[in-house]
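Work through the two exercises below with the model open. Each solution goes step by step.

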Amino acid sequence: MIDEALAEKYPEITLEWECVDWGNDFQPKMQQYMQSGLPDIMIGKAQDVATYAPQGVLGEIKGDYLDRGLDAARENVTIDGKTYGLVYNAMYQGVYYNKKMFKDNNWEIPKTQDDLKKIIDDCKAKKITPFGSHMVDTWSIGNVTMQFMMNDVFNKDAQWGDKFRDGQTSFSDSKEAQTAYEYNKLIFDNTFPETFSTEQTDCDAKMVQGEVAMKVSGSWSIQNFLDIDENFEFGIFPFPNQTGDSKLIFEPNITVMTSAKTEHQDAVDKVLDLLTSDKDLAVEILDYTKTASMLKDVTPTFPNPSQEDIDKYAAEGNIVDVTLGNNQLVWGGFQEENAKDIAAWLQGDESFEECLKASDDRVDASTAN
């Protein structure tokens with residue numbers, strides 16, 4: 001899509017792409033390129049800015065392009081007054097639910113753990129699997145764990161990660177952090193037994209087909225939902241925390257970064273101009289990825305049955321940016337490694353205490369600085 005639009009507006013520019021899986025390969029690739037020279041343009045996530053900008057390898061994004069985006073798009077990609085990332089779209093994370101199933105069973109949207117337990121118990125009584133989960137993907141375990149951490153840890157103490165590094169708290173000592181880990185066991189105990197061999201697409205299909213009632217996930221599941229059944233009615237709510245005040249999680253997603261040492265700044269600027277000015281291209285990308293826009297006056301046209309829920313939480317002020325947690329505890333080398341230990345614990349290969357200690361032992365990897 002980008003190549004076609006670029007060929008029309010700036011035919012003198014050709015992009016050479018290298019596409020990698022963000023969850024597994026982006027960080028190693030960046031480390032490799034930091035030794036040999038970064039590409040002119042990198043597309044990652046907003047949290048990557050906190051990892052690489054302090055190392056002096058990213059170029060500052062010009063205000064001309066930033067001004068075409070929403071103000072919220074700058075918040076977590078600006079360091080010391082300079083913005084190093086162009087946030088293009090956003091996802092929402094929480095518990096997706098089958099609207100018809102909830103209506104047919106008279107289930108109310110849960111706000112507390114007790115509310116959630118009532119739904120789980122009713123599901124079991126009616127032989128419905130409460131949660132869909134694909135724990136074969138450790139990135140999924142890592143993602144939902146940060147969702148849990150956001151509402152039980154970081155929404156209560158925004159500096160928890162700094163305190164962890166200062167030795168003021170730890171996973172082994174913090175009841176709140178332990179609770180976030182234990183929610184994975186709640187999901188594991190209430191999903192299908194083959195979760196450690198089920199791929200995401202199969203898991204999402206079970207949701208659409210009415211085999212499961214809920215799935216802790218993000219907007220990336222919407223594409224699968226609608227590919228399977230374009231009329232599938234689903235909503236979203238925050239996973240209930242211990243205090244009953246969870247917020248829906250907002251994640252800045254596609255984030256364009258540039259090399260501080262690019263030899264093709266004019267071409268880079270033209271690509272940034274295209275991405276921020278071509279509204280038809282933006283809608284095409286947003287509709288394909290099933291995500292929300294971070295550009296001004298750009299609205300995707302794909303049907304999103306969960307938008308009503310998103311709008312409600314937004315109006316109530318009950319949305320939180322997950323970049324807060326991801327900047328406190330980085331993904332590469334920390335969250336993803338913790339997820340592997342959580343998987344080992346759930347499968348009986350580690351004790352819970354060993355899982356917590358493993359997270360504590362990699363404290364030095366928890367920050368990008």
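The model is predicted.

**Exercise 1.** Classify the packing of helix H9 on helix H16, and describe their contact.

*Solution.* 
1. Locate the helices. H9 covers residues 175-189, and H16 covers residues 331-346.
2. Take the geometry. The two pack at an angle of about 50 degrees, and their axes are 11 Å apart.
3. The crossing of H9 and H16 is right-handed.
4. List the residues in contact. H9 contributes Tyr181, Glu182, Asn184, Lys185 and Phe188. H16 contributes Asn338, Ile342, Trp345 and Leu346.
5. Sort them by class. Five are nonpolar, two polar and two charged.

**Exercise 2.** Work out the strand order of the three-stranded open sheet, then find the helix that packs on it.

*Solution.* 
1. Read the order. The strands run S1-S10-S4, with antiparallel pairing.
2. Identify the edges. Strand S1 (41-44) and strand S4 (86-87) each pair on one side only.
3. Check one pairing. S1 and S10 (residues 255-258) are joined antiparallel by four bridges.
4. Place the helix. H12 (residues 265-277) packs on the sheet and touches S1, S4 and S10. The direction of H12 makes about 165 degrees with that of S10.

Terms used. Residues numbered from 1 in each chain as written. Predicted model: local features only at pLDDT ≥ 70, side-chain atom pairs only at ≥ 80, totals over all residues. Heavy atoms only, no water. Pairing = 2+ DSSP bridges. Contact = heavy atoms within 4.5 Å. Axes fitted to C-alpha atoms, helices over the stretch in contact; angles between N-to-C directions. Parallel < 35°, antiparallel > 145°, perpendicular 65-115°, else oblique. Left-handed = near helix turned anticlockwise from the far one by under 90°. Nonpolar A, V, L, I, M, F, W, Y, C, P; charged D, E, K, R; others polar.
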